[in-house]
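Hi everyone, thanks for coming along. I'd like to walk you through a model this morning, so please have a look at the screen.

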Amino acid sequence: MICHDANNLNVACLRVRSAKQLFQLLNDRLKRLLGYTYTTIFLPGTNKTTLYNYFSDLQHHPFARSAAATTSSINPYLLHPADSKKWKPLQLDLLNGEKFIGRWILLYGAQETVSETCLESLPGFAELIAATLTNSIDYEEMLDREKENDIIQSLNIDFATIRQKQDLLKVIHFKLKNLFDFSDQFVAVINDDKLTLSSFLQDTQSWADEHPKYKQSVAAKYPLNDGVFNKVILSKDPQVFDLRQQHARGNMPEYFQILYDSGVRMVFMVGLHVRDRMIGLWCICQVDGQHMSSGQLQLIRKISVQLSIAVENIKANEAIAAKEEEGRLLLRMSDDIANIHDLIKRYKQQLEEKKIYLEEEIGTTHNYAEIIGNGPEMQKVFRLVSKVAGTDSTVLILGETGTGKELIARAIHNNSSRKERIMVKVNCATLPVHLVESELFGHERGSFTGAIERRIGKFELANHGTLFLDEIGELPPELQVKLLRALQEKEIERIGGKTTIKVDVRIIAATNRDIEKEVAEGRFRNDLYYRLNIFPICLPPLRSRTEDIPVLAAHFMQRFSKKLGKQINKISHSKLQELLQYSWPGNIRELEHLVERSILLTTGDTITDIPLPSPRQQNVSQPAQVYFSLKTIDENEREHILNTLIYCKGKITGEGGAAQRLGVPNSTLSSKMKRLGIRKEHFK
Ligand SMILES: Nc1ncnc2c1ncn2[C@@H]1O[C@H](COP(=O)(O)OP(=O)(O)OP(=O)(O)O)[C@@H](O)[C@H]1O
């Protein structure tokens, strides 16, 4: 019966192609022939010292319970103590020639007797099962290889495109994790020192990431010769580390301890090589402590080749990115340097401007002591200068050309608290209209055709000093508005500029025009006039202070004789009389030039000839325009009080009122206003 069935069995065995089919055969045909209740086959593990259940999918099988105990040793199978009373095991080694390929276990009930015939036929069946097992393993391996090839091919495509760590993590997570069902993984690379290893890529959902030493372990450098890594490096095959055993031995490296504390039980490590050069390792962790089949380990080895290339590509890409960043940084730095150069150039230019300006100024600076004038008119001017110099008040100097307006402006500046800073002069008459604005407020680069450089204006140049606006009466109307705004706001805006610049400038303005007439005729804004006319100083024409002519002539004679190296110290009486008679349309400047010319012409020590214009010429050169109207003291006083009242917006008494501004008691101002006929409607 057994023989007949054995023949049939031979045919059935030839059809077996998988563990499942073999298990069905053992559980069906053979079970009936040999009378056992349960059966299974254990195969040797990769380390050759353990066995594992070939029918590993049979979870409810009694062998599954005792599998853990069984797989730990290649020794004959032992029943679990709980089962030993119920069952009697028989076991046969399955050999392929001399080679041990597995162990066949048959479980009979403890009370059952196994027949002699059955026992005799067992070795024959074991041979048949061994041959079938070999076939089915070979077939399964073939199928595994095919599957492996498919996997490798698809991974090849994935790995080839990887350039960044997150791409690699995606492939590991979505493909490799499913394939091997691991819980944690990391990639480490060998450092440039070739002696240490550092973490390169960590699992984003690492089991260990909450461990207190995890971060520190990720950042650490590990020596390659620690007994674990060198084992991995020396072998091309994956290395298996059972952390339970390591823990039991108590000599785990710290990284294993961290993994063990976090629940990891098995670690598989494979070296990463690029053309025989070891570049790092890949580590896979399992929390359930399951072994991998030799097929799975081989697959890991194959995948490690692809992984090595991906890691090299990422490193190369990172190096390129770092180089590019370095390049960008250098580019930014060179831009910054160019900007700094530009800035230095601009500062240099500004300094140059200031220097040139100061040099010019030094050349033209006059000493206060050089202001000549003994007559009452000039004494009055000196008193006004002394009063206003120490304040920050705006001063308006009025007077015909050449009467010394600039000289007085300088005297005010030199006697003010701003004397350590410069007084900047702008001649509103000599500049082309389109340049006055830029001259006053400056411009930004490119703000108009020809503005190739940024330039600061005279307002900025005079910051904390004094700005002398000469010939203010010539200022074009559109700029009068801008000037007014600058005076009111105490801030300016460069042409083409986007921001306003605060300036602290004391203003002294001068004009030889009849500014009141200009205002009355609408050529000069009255609001600007009121802003400027806070403290007017009128310089009398030379013809109305003839008492000063001899001293002025003597002063210039002395100055030019010295300058020209001559010993001239007298002016003939007749010539002096001529000077006193002359109308002096060009005022002191004219006298100065005439004396200079005379010194050049004089050979002795006395000036006997001063080339005054002939009476005809005098008529021609006589100014057609009356520069400012001659007024009585009352008229002047009335005008001054009225201006002050307008300035004070009609406020007569109290803080900031006209009486306070004029420095008189309220009652004095009221009686003066009454006497001079000043009524509310005149100033409100
Ligand atoms: N009181 C004075 N004592 C000595 N020199 C004087 C006096 N007043 C004017 N000058 C000289 O006369 C010349 C003209 O003076 P300044 O330039 O100050 O006149 P100005 O009124 O500003 O003329 P303009 O209106 O034409 O600009 C200068 O060389 C100056 O030194």
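Two strands count as paired if DSSP finds at least two bridges between them. Helices (H or I, at least four residues) and strands (E, at least two) are DSSP runs, numbered from the N terminus. A word on the source: this is a predicted model, where local features need pLDDT of at least 70, side-chain atom pairs count only at pLDDT 80 or more, and totals for chains, interfaces and linings use all residues. Residues are numbered from 1 along each chain as its sequence is written.

Let's start with strand S4, residues 99-109. S4 pairs with strand S3 (residues 87-96) in the antiparallel sense over ten bridges, and Asn-96 has Lys-99 as its bridge partner in S4. S3 and S4 make a hairpin with two residues between them, and Gly-97 in that turn has a positive phi of about 70°. S4 also pairs with strand S1 (residues 38-44), again antiparallel, over five bridges; there, Thr-40 has Ile-105 in S4 as its partner.

Now to another sheet. Which order do its five strands take? It is S12-S15-S18-S11-S19, in an open sheet with parallel pairing. Strands S12 (423-427) and S19 (535-538) stand at the edges with a single partner strand each, so one side of each has no neighbour in the sheet. On average, neighbouring strands are turned by 20° against each other, direction ignored; axes here are lines fitted to C-alpha atoms, for helices over the stretch in contact, and angles run from 0 to 180 degrees between N-to-C directions. Four bridges join S11 (residues 395-398) to S19, with Val-395 opposite Phe-535.

Helix H13 (residues 405-414) lies across S11, S12, S15, S18 and S19, at about 165° to S18. Contact here means C-beta atoms, placed from the backbone, within 7 Å.

How many residues surround it? There are 19, the closest being Ile-372, Thr-401, Gly-404, Lys-405 and Glu-406; a residue is near if its C-beta atom, placed from the backbone, lies within 6 Å. H13 and helix H21 (587-601) are the elements that give two or more residues to this shell. Domain 3 (365-540) and domain 4 (543-621) both contribute to the shell, so the ligand lies between them; the domain bounds come from an automatic or database domain assignment.

Technical notes: Two residues are in contact if their C-beta atoms, placed from the backbone, lie within 7 Å.
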